[in-house]
Amino acid sequence: MELVTHKKFKNGRLMPWGKGTVVSGAKGTVYLCGNTATSADYDPAGKKGGGFAGDAAAQWREVLGNIKSDLEELGSGLDHLIRLTFFVKGPFPDGGVLSSPNFRLDVPDAFFAEHCPKHCSDNNPPPSEVIGVAALAQADIVIEIVAVAALPD
């Protein structure tokens, strides 16, 4: 299997996301559900639990750790990531999602530096998008991440 993420440049500057990832020879694709930092007592059917006491940085770390574990459990891994989608809860003080205190590019950079350096924003991360939202599944959840990865042969 081969994954090639093409770097995205704008006006000669490297952007902190890839242009696109070309996958060849993979056995399949893993589409993860949206991952949040809900607590272990989360019971969506019973409509109870699920809060996460922690700041945005703690939630980012928890979600990225969940994605790493989920991918490994399903036979893939961080090095096989194809795409990430970040849903970031407002507020957006200056009108942009990237200005929200809940958007923390530093946290995934530190996480990937430790677990998969090729995906740091100054290297060659998978393509991604950042979408600002008014609310997520629980009131105190500020980040949800959806991941797609290749399943190696």
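The sulfur of cysteine 116 lies 8.2 Å from the closest cysteine sulfur, that of cysteine 120, which is too far for a bond, because a disulfide needs the two sulfur atoms within 2.5 Å. This is a predicted model, and zero disulfides are found in it.

How do cysteine 33 and cysteine 116 compare: buried or exposed? The table gives their values.

| Cysteine | Relative accessibility | Class |
|---|---|---|
| Cysteine 33 | 55% | exposed |
| Cysteine 116 | 7% | buried |

Cysteine 33 counts as exposed because its 55% is over the 50% cut-off, while cysteine 116 counts as buried because its 7% is under 20%.

Now to the inside of the protein. In soluble globular proteins, nonpolar side chains tend to be buried together. Here the largest nonpolar core has 29 residues, and Trp60, Phe112 and Ile145 have the most contacts inside it. At least two core residues come from each of α1 (56-73), β4 (81-89), α2 (106-115) and β6 (143-151). The largest share, seven residues, is supplied by α1.

Finally, the largest pocket has a volume of about 300 Å³. Of the 20 residues that line this pocket, Pro16, Phe86, Phe103, Leu105 and Ser128 lie nearest its centre. β2 (13-24), β4, α2 and β5 (128-133) each give at least two residues to the lining, which by class holds 14 nonpolar, three polar and three charged residues.

Terms used
Residues numbered from 1 in each chain as written. Predicted model: local features only at pLDDT ≥ 70, side-chain atom pairs only at ≥ 80, totals over all residues. Heavy atoms only, no water. Core = buried A, V, L, I, M, F, W, Y, C linked by side-chain atoms within 4.5 Å. Buried < 20%, exposed > 50% of the residue type's maximum accessible area, 1.4 Å probe, protein only. Helix = DSSP H or I, 4+ residues; strand = E, 2+ residues; numbered from the N terminus. 1 Å grid on protein atoms, 1.4 Å probe; cavity = no way out; pocket = protein on both sides within 12 Å on 5 of 7 lines; lining within 4 Å. Points joined across faces, edges and corners; volume = space filled by probe spheres on them. Nonpolar A, V, L, I, M, F, W, Y, C, P; charged D, E, K, R; others polar.
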